[in-house]
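Please take a moment with the chain shown below before reading on. The paragraphs that follow lead through its rings, its backbone and the confidence of the prediction.

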Amino acid sequence: MECRTMEGFLRWMIVLAVATSWVDCYGSERHQPPVAKHGNVQPHDTREAARIAARIDELDDEDEANPWELSGLFEGDILLDPYHSRNGLRNETMRWTDGIVPYYIKDDEFSDEEQLVILNAIREYHQKTCIKFRPYNKKDTNWVVFRSNASGCWSSVGMQPDGQTVNLQSSGCVRHGVVVHEVLHALGFFHQQSASNRDDYVRILWDNIEPGHEHNFNKYNESEVSSFGIEYDYGSVMHYSAKAFSRNSEPTMEALQPNVTLGQRKGLSEKDISKLELMYQSQCEQRKESETAEPPGFIDQFNSLLGILKKP
């Protein structure tokens, strides 16, 4: 009798170990990460934070201005790391290992509806690119945490060590295209009009730029940022709007080609997708075949929220 009891106990322990291993691999059990090293502190003083928050909350879908242009950081929404020089798309150490991004959503800072907006933006990457997002687990040393505890919409550029924040002010920044834009920063993209060849495609109207914001229209050279052979993209989700940082409500940029609109906030453009695929080609090719589908932990979280919101 004692042998049977011990045998049953051992069998139970084996099942528990397997289950725990599965959880660690796929993130079905939510693990809260440590405080992210990058972006865990409000980057603005109290008065500036309130001003930025108010301006963003006033925007609606018909406004030409993008929320990220109003967020008060470098180029509007880029959180620069004071301990490292700026890096661009060419720096492979800032690309996510195997094209997989561990993430965590601070659910006490977002409503269920807002969390679903974030997950739907992530799903666009799953459906259109080789990039995959899976819930954070305790073994991860790099991750993205989505927060709403500061003003503005902003992110670091590329993978940063020991965790990084994508801040999405509620509710003005929690919109599909805005989330896609900030996530693309986290994956390693700067703004399109920063490209070294931008003067062949747009004219910068310097006299219309708000004083002190001229640096937001600087260009990067090819040693820092690459277009990966993809033509300049007027319709990129990473392109400024025509009146970004305007001092007088007049355009600060104009296209050199006729009948084009500068930027949009609907989602990834075809050229955004092509550039991202080329950028992460080697990382995605190194993945196991089992890691090419949508991560189970993401699907579980997505379906769980969908189920909650569908209940009467």
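Which residues form one aromatic cluster? Trp 206, Phe 217, Tyr 240 and Phe 245 do so, where rings of Phe, Tyr and Trp (its six-membered ring) pair if their centres lie within 6.5 Å, with planes under 30 degrees apart counted as stacked, over 60 as edge-to-face and the rest as tilted. This is a predicted model, in which local features need pLDDT of at least 70, side-chain atom pairs count only at pLDDT 80 or more, and totals for chains, interfaces and linings use all residues. Residues are numbered from 1 along each chain as its sequence is written, and side-chain values use heavy atoms, with hydrogens and water left out.

By the pairing rule, the count comes to 12 aromatic pairs. One of them is formed by Tyr 136 and Trp 143, which are edge-to-face at 5.3 Å centre to centre, with 65 degrees between the planes. Both Tyr 136 and Trp 143 are buried, a word that stands for under 20% relative accessible area, while exposed means over 50% and partly exposed in between (1.4 Å probe, protein chains only). The rings of Tyr 232 and Tyr 234 have their planes at 75 degrees and their centres 5.5 Å apart, so this pair is edge-to-face as well, and Tyr 232 and Tyr 234 are both buried.

The backbone also has features to look for. Ser 170 and Ser 171 are joined by a cis peptide bond with an omega of about 5 degrees, and Ser 171 is found in the loop between strand S5 (164-168) and helix H4 (176-187); helices (H or I, at least four residues) and strands (E, at least two) are DSSP runs, numbered from the N terminus. Although Glu 75 is not a glycine, its phi is positive, at about 55 degrees, and this residue lies in the loop between helix H2 (46-58) and strand S1 (100-105). Is Glu 75 buried or exposed? With 0% relative accessibility, Glu 75 counts as buried. Ser 249, too, has a positive phi, near 65 degrees, but Ser 249 is exposed, with a relative accessible area of 56%.

Finally, consider pLDDT, the predictor's confidence in each residue, from 0 to 100. The protein chain averages 86, and 86% of the residues score at least 70. Among its elements, helix H1 (residues 2-26) has the lowest mean pLDDT, 43, whereas strand S3 (residues 144-147) has the highest, 98.
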